[in-house]
Amino acid sequence: MRKIPVNELKRRMKADSGSSSRVHVVVRDDGWAVKREGASRASKVFSTKTEAVRGAKSFSKDNDVIIHRKDGTISKWAKAANRRS
Amino acid sequence: MADFENSVFINCPFDEDYRRILRAIIFTIVTCELEPRLASETSDSGAARISKIYELIECSKYSIHDISRIEKRKDPRFNMPFELGVDIGSRIYGKGKLTEKKCLILEAKQYSYQKVLSDLSGNDPYHHNNEPALAVKRVRDWIYSNVKRKIKNDKEHLPTSSLIFDSYQEFDAKMLDNLNSISSGFTQNDIDQMPVPEFIDIVKAAL
């Protein structure tokens with residue numbers, strides 16, 4: 001188990017403006033939504049998770065796409081092409 | 001130091017299965033500009049845990065009690081209903097500000113309390129189905145209905161429960177991304193093991 005550098009993490013979280021390039025696929029009562037981080041509304045809601053993931057990747061090629069499980073945990077983090085190492 | 005009017009005592013399980021719900025509840029409370037208070041906020045082995053709980057009950061106007069673990073299982077836990085009883089007792093037999101206390105009772109499955117804690121009938125526990133999103137909704141809606149002072153001043157700004165849960169998921173990703181920018185190789189598992197007081201500090205820094 002790695003020790004979390006809490007003070008440095010707090011400093012970075014505080015400085016993080018929220019204007020990130022991340023796009024999230026999250027559950028909704030009526031399906032799965034694609035939502036840009038920090039936005040107050042989803043960009044689009046799909047009836048299935050598969051469609052939502054496909055949609056997120058197609059209209060956010062320059063963004064990381066983060067796919068969440070129903071409980072909110074991250075199931076997959078797809079890096080944008082320009083961030084892949 | 002948190003004051004009585006803003007403090008929310010959280011009386012809940014601390015096992016691994018519950019962690020995701022606990023963190024969602026903490027995130028909701030901080031988003032609604034209240035102060036989460038838990039027995040785990042100090043780690044003084046010299047102090048009796050129950051004394052700390054009495055102190056938290058006395059200095060928190062609000063409390064959230066999750067009695068999920070009274071369900072029939074291999075190792076049922078009865079600390080939560082005991083502390084709920086102390087909290088309700090403080091409101092009934094206490095004086096002054098203690099009479100203003102308000103509490104939310106949560107359970108995993110609807111009506112599961114009735115077989116083993118029928119004295120609670122009429123108190124309307126709310127179920128969350130072990131789903132963090134539903135726990136966020138229960139807590140957010142309860143705050144909306146009960147924290148009058150804050151609602152009165154800032155009604156239009158209390159976020160919806162789905163927006164709070166979205167923010168919580170984004171917060172998780174942001175935390176992982178920031179950690180990996182400090183030093184690569186951190187995983188969700190490292191974050192999961194973080195002690196509750198540190199988690200609260202980081203939520204406060206992020207919001």
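User: At what angle do the axes of α1(B) and α8(B) cross?

Analyst: To read a helix pair, one considers the distance between the axes and then the angle. In this predicted model, the axes of α1(B) and α8(B) come within 10 Å and cross at roughly 40°. Angles under 35 degrees would count as roughly parallel; α1(B) and α8(B) are therefore oblique to each other. The crossing in which α1(B) passes α8(B) is right-handed.

User: Which residues make the contact of α1(B) with α8(B)?

Analyst: One lists the residues of each helix in turn. From α1(B) come R23(B), I26(B), F27(B) and V30(B), while α8(B) contributes F199(B), I200(B), V203(B) and K204(B). Sorted by class, six of these residues are nonpolar, two are charged and none is polar.

User: How are α4(B) and α6(B) oriented to each other?

Analyst: The axes of α4(B) and α6(B) lie 9 Å apart, and the helices pack at an angle of about 130°. Only angles over 145 degrees would count as roughly antiparallel, so α4(B) and α6(B) are oblique to each other. α4(B) passes α6(B) in a right-handed crossing. On the side of α4(B), the contact is made by A133(B), V136(B), K137(B), R140(B) and D141(B); on the side of α6(B), by S161(B), I164(B) and F165(B). The classes here are four nonpolar, one polar and three charged residues.

User: How many residues does each chain bring to the contact between chain A and chain B?

Analyst: For two chains, one counts the residues on either side. Chain B gives 28 residues and chain A gives 25 residues. On chain B, the helices α1, α4, α6, α7 and α8 each supply at least two residues of the side that touches chain A. The largest share of that side, 13 residues, belongs to α6(B). By class, the side of chain B that touches chain A has 15 nonpolar, four polar and nine charged residues.

User: What is the overall pattern of chain B along the sequence?

Analyst: One reads the helices and strands in order. Chain B has eight helices and five strands, arranged as β-α-β-α-β-α-β-β-α-α-α-α-α. Of its 207 residues, 38% count as buried.

User: What confidence does the predictor give to the complex and to chain B?

Analyst: A predicted model should be read together with its scores. The complex has an ipTM of 0.89 and a pTM of 0.90. For chain B, the mean pLDDT is 87, and 89% of the residues reach 70 or more.

Methods. Residues are numbered from 1 along each chain as its sequence is written. Chains are lettered from A and ligands numbered from 1 in the order in which they are written. This is a predicted model: local features need pLDDT of at least 70, side-chain atom pairs count only at pLDDT 80 or more; totals for chains, interfaces and linings use all residues. Two residues are in contact if their C-beta atoms, placed from the backbone, lie within 7 Å. Helices (H or I, at least four residues) and strands (E, at least two) are DSSP runs, numbered from the N terminus. Ala, Val, Leu, Ile, Met, Phe, Trp, Tyr, Cys and Pro count as nonpolar, Asp, Glu, Lys and Arg as charged, and the others, Gly among them, as polar. pLDDT is the predictor's confidence in each residue, from 0 to 100. A residue is buried if 20 or more other C-beta atoms lie within 10 Å of its own, exposed if 12 or fewer, and partly exposed in between; C-beta atoms are placed from the backbone. Axes are lines fitted to C-alpha atoms, for helices over the stretch in contact, and angles run from 0 to 180 degrees between N-to-C directions. Angles under 35 degrees count as roughly parallel, over 145 as roughly antiparallel, 65 to 115 as roughly perpendicular and the rest as oblique. A crossing is left-handed if the near helix is turned anticlockwise from the far one by less than a right angle, and right-handed if clockwise.
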